[in-house]
Each structure stands twice: as C-alpha cells, then as structure tokens.
Amino acid sequence: MAAQAKTTLISLVGKPGSGKGTYGALLASRYRNLTFLSVGDVLRDSAKRNETLRRVLTSGKLVDDTIVNEAVIESLQEENLQQLKAQHSIDSDAKVFNDGGERVILDGFPRTDAQTKLLSKWPSSLEPALAIYFDVPDDIVITKLLGRRKCTICGGNFNVNGVEQDGWDMPPLLPNGCKEKCDWDIHWEKRDDDTADIIKERMQVFRQKTEPVLESWSNSNRLVTFVPYKGVKEMDRLAGVLENYFHKHSLT
C-alpha cells in the first residue's frame, strides 16, 4: 500500500458556541485543498449506534480521549477524507490554498492535554501546523448556543439568535430559501446538549480541560487568537490571517 501523502492540520479551538464549526466550514468552502472535519459530528454519528456514547455527549462531558483519538485518525485516512470532501460544497470561485498541499481543518481536537499528547504520536503523514482560538465572551456564546437549530428537511445548521452589544454585531444565521420548504417551528431541532444546565457544564469543562491546551499551542508558537466581532462577516479577515500565518512561517 502506498504511503499517505502529508496532510497539514489546522486545529480550531474555542468555547462551545464560539462559532468555530461555522467558520471552519466556510473556510473550507473557499479553498479547493482545504477539508473540514468536525470531530463533534464524527462522535454524534457514532452515538447513533452507541447508547453509552450518546449519554456522554448529551451530558456535556467529554468523551474518553482514546475513543476520540481513534475516531479522528480513522476519519483522516485518505479514502475517508475524499468522501468527506465530496460531501461539502465548495465556492465556484474557490482558490488553491498556499502551495496546493492537502490541509484539514479540525474542529474540536485536541481538547485536552491527553489528546495533545496523543496528537504528538500521530503518523508523520499527519502534521499539526497551528491552532486558531476563537475568543468570544461567555454571555455571547451562551446566547448563540441557545439559538442553534438544525433543519430536518435540508440538513442545514442555523442560528436564530443575534447579538448586538459592546462592539459585537452577529446577526441571526438563517437559511437561504429553506423557509419555503420547511416549517421553522416543526422541522427545526435543537441539539440535545443545547440546554442551560448542559451549557453551564460544557463551559466548566472548557475551562478545566481545554484552556490548558491553548497554553501548549502558545508555548510552541503555533497559536493564533481571532476575535470574530462581526461573526461570519469576518471571513475575509480570518482567511487573511490564516494565509499570512502560513506565509510568515514558510509552511508547506
């Protein structure tokens, strides 16, 4: 079997509700050689067939590090990445990022010190390059979490809550045209873990488990902090930050 070509990894880190999944998917749509992988989606898909895993996810706690690590490595296999890329839409004017090498945006890994240590033992074909930390205040992420919805008709992810305060301007993220095909009150579902009590638990977990991961990325000079004051309207600035980082550090 031929060796897998090198894949550069870009990790997205942020509090629950900071929008990292949305930003990651939009980034991937801009470049033909960027693939977006949501670790949460991978685990939620597995939870459909695993009741124990489903209970852990809906409790707001983190899944066992070894289970997450194995699931992510499996998803990063070349054949699985090709399937994932085929599922995601790419803008008609999408360009090639940097030198054209394969890049994967990882939403939700690593989230703990243990996962960071496991990441250092990954195959040499998978190369962690940097982490982007989305720095959003607690009250804003809580508002956004409580507004998250998924349409059971078109499969889209949306947010019915907007934020306009203290320099933050994040309007609701609503679908284009889906209103004609579905009833928002019937077909739009909240995630099981988007409740006030579970959100509180998840925020505590972030502070205890994930904030130390930021220190690890920072100590190795591979952390970029991004404050998305205007939500998805910041995508041009975010893309520029990412491109400048790769250029400045001569990453291939």
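This is a predicted model: local features need pLDDT of at least 70, side-chain atom pairs count only at pLDDT 80 or more; totals for chains, interfaces and linings use all residues.
Residues are numbered from 1 along each chain as its sequence is written, and side-chain values use heavy atoms, leaving out hydrogens and water.

Next, aromatic pairs. I took rings of Phe, Tyr and Trp (its six-membered ring) as paired if their centres lie within 6.5 Å, calling planes under 30 degrees apart stacked, over 60 edge-to-face and the rest tilted. The count by that rule is eight aromatic pairs. I looked up Trp168 and Tyr229, a tilted pair with 4.8 Å from centre to centre and 50° between the planes. They sit 61 residues apart, Trp168 in strand 8 and Tyr229 in the loop between strand 10 and helix 10 (helices, H or I, of at least four residues and strands, E, of at least two are DSSP runs, numbered from the N terminus). Trp168 is buried at 6%, while Tyr229 is partly exposed at 38%. Ring pairs also join Tyr31, Phe97, Tyr245 and Phe246 into a cluster.

Then helix 1. I found Lys20 there, buried at 8% relative accessible area. Skipping neighbours within four places in sequence, its contacts (heavy atoms within 4.5 Å) include Asp107, Arg111 and Phe134. Ser29 is in helix 1 too, and it touches Ser89, Ile90, Asp91 and Ala94, not counting residues up to four places away in sequence.

Definitions and conventions:
Buried means under 20% relative accessible area, exposed over 50%, partly exposed in between (1.4 Å probe, protein chains only).
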